[in-house]
Amino acid sequence: MTTTSATSGTGTSVFDILQQQQQSSSASSSSSSSSSSSSSSSSQDALASLSGDYSNFLTLLTTQLKNQDPLSPMDTTQFTQQLVEFSSVEQQINGNKKLDQLIGLQSTANAYGAVGFVGTQVSADSDQLALQNKSAKFDYKIEHTSSAATLKIMDASGNVVMLKQVDATVGTHPVQWDGTDYFGNQLPDGAYTVSVNYQDSAGTSYDAPITTYGTVDSAVISDGTVSLKIGDITIPLDQVTGITRPSSSSSSSSSSSSSSSSSSSSSSASDSSSQTPAA
C-alpha cells in the first residue's frame with residue numbers, strides 16, 4: 001500500500017515500521033510457506049498475519065500519538081487512510097476464505113456425483129486407449145479427402161505395437177481392436193495410445209480426431225476436479241462426450257435362461273427317477 005508517511009519525533013512513520021516488519025516476517029517464513037499447498041490454510045495464515053499487523057499498527061499509532069511533536073502534530077488523514085486500507089485488505093481475505101469454503105463444498109458435491117459414473121460405458125475425446133479383457137474400441141474421423149490413412153498404436157513405453165493402413169474415406173470409422181500386435185501376439189491389458197495420420201491431395205498431413213470407449217472402473221477427485229479411471233488410463237471429465245449405463249435386459253435375460261435351464265434339468269431328473277424300477 002502506498003501512503004504519505006507522517007513522521008514522529010524520531011522521523012519514522014508507522015507505515016515504514018510495519019513495512020520493515022512485514023519484510024522481515026516474510027523472509028523468515030518463506031521456507032515454511034513454500035511447503036503449503038492448501039488455499040484455505042493460506043487464507044487463514046493471511047488473515048492471522050493481517051490481524052497481527054493491525055494490532056501492531058494500533059500499538060505503534062498510539063505510541064506515536066503520545067510522543068508526537070505538539071508544535072507539529074500528526075495529520076489524521078494519513079492514519080485514517082491506513083485504517084481504511086487495513087479494513088479493505090481484511091475484507092478481501094475474508095472473501096477469499098469464503099471462496100475456499102465454496103470450492104470445498106463443490107469438491108464434496110463432485111465426490112458424490114462421481115460415484116454414479118462407476119460401471120458406466122463412456123466415450124471420450126482422447127487418444128488414450130484402455131485395453132480391457134483383450135478388447136478395445138475407438139473411432140477415428142477422416143475430415144479431408146485422402147487416398148491412404150495409417151493407424152498406429154503404441155504401448156505405455158512408447159513402443160509401436162500396431163501399424164497398418166486403414167480406411168481413408170471421409171467420415172467416422174469404428175475400430176474394434178482385439179489387443180494383438182502386427183505379429184499376431186496377444187498384448188496385455190493396459191494403457192495404449194492410438195493415432196491415425198493421413199494426407200490430402202495437396203500433401204497436407206492431418207491427425208484424425210480419436211474417440212475412445214471404455215467401462216469406468218473408478219472415479220478420482222483431485223482439487224475439486226473429477227477424472228474417470230478406465231482400466232489403466234485416466235480421462236478428465238471434461239473430455240467425456242457420452243455416458244451409457246449398461247441395460248438390465250442382458251442381465252435379466254441371462255438370469256431367466258439360467259432359471260429355465262435349471263428347471264429343465266430338474267424335470268429331466270424327475271423323469272429319470274420315474275422310469276427307475278422299484279427295488
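# Close-up views of a predicted model

**View 1. Lys-134 sits in a loop.** Lys-134 belongs to the loop that runs between strand 2 and strand 3. This model is predicted. The phi angle of Lys-134 is near 60°, a positive value in a residue other than glycine. Lys-134 counts as exposed because its relative accessible area is 52%, and the cut-off for exposed is over 50%. Asn-133 is in the loop between strand 2 and strand 3. Its phi is also positive, near 55°, and Asn-133 is not a glycine. With a relative accessible area of 70%, Asn-133 is exposed.

**View 2. The whole chain gives the setting.** The protein chain holds four helices and 13 strands. How much of the chain is buried? Of its 279 residues, 27% count as buried. The chain exposes about 16900 Å². Carbon and sulfur atoms supply 52% of that area. Take the contacts in the chain with a separation of 6 or more: 70% of them join residues 24 or more positions apart.

View 3. Leave out residues up to four places away in sequence. Val-196 then touches Tyr-140, Ile-142, Ala-149, Thr-150 and Leu-151, among others. Its other contacts include Val-166, Tyr-206, Asp-207, Ala-208 and Ile-210.

**View 4. Strand 3 is mostly covered.** Five of the seven residues in strand 3 are buried. Strand 3 pairs with strand 6 in the antiparallel sense, over seven bridges. Here Phe-138 has Val-175 in strand 6 as its bridge partner. Strand 3 also runs antiparallel to strand 9 (residues 210-215), joined by four bridges. Opposite Tyr-140 stands Ile-210 of strand 9. Backbone hydrogen bonds are what pair the strands of a sheet, parallel or antiparallel.

View 5. Val-122 stands opposite Ile-243 of strand 13.

View 6. The order here is 10-11-12, with antiparallel pairing. Strand 10 (218-222) and strand 12 (233-236) stand at the edges. Each has a single partner strand, so one side of each lacks a neighbour in the sheet. How many bridges join strand 10 to strand 11? Five bridges join strand 10 to strand 11 (residues 225-230), and the two run antiparallel. Ala-219 stands opposite Leu-228 in strand 11.

View 7. A search of the whole structure finds three aromatic pairs. One of them joins Trp-177 and Tyr-192. Their ring centres are 5.3 Å apart, with 85° between the planes, and the pair is edge-to-face. Trp-177 lies in strand 6 and Tyr-192 in strand 7, so the pair ties together parts that are 15 residues apart in sequence. Are these two residues buried or exposed? Both Trp-177 and Tyr-192 are buried.

**View 8. Tyr-182 and Phe-183 form an aromatic pair.** The centres of the two rings, Tyr-182 and Phe-183, are 4.9 Å apart. Their planes stand at 85°, so the pair is edge-to-face; the cut-off for that label is over 60 degrees. Tyr-182 is partly exposed, at 41% relative accessible area. Phe-183 counts as exposed, with 67% relative accessibility.

Methods: Residues are numbered from 1 along each chain as its sequence is written. This is a predicted model: local features need pLDDT of at least 70, side-chain atom pairs count only at pLDDT 80 or more; totals for chains, interfaces and linings use all residues. Side-chain values use heavy atoms; hydrogens and water are left out. Contact means heavy atoms within 4.5 Å. Two strands pair if DSSP finds at least two bridges between them. Buried means under 20% relative accessible area, exposed over 50%, partly exposed in between (1.4 Å probe, protein chains only). Accessible areas come from the Shrake-Rupley method with a 1.4 Å probe; for residues, only the protein chains shown count as cover. Rings of Phe, Tyr and Trp (its six-membered ring) pair if their centres lie within 6.5 Å; planes under 30 degrees apart count as stacked, over 60 as edge-to-face and the rest as tilted.
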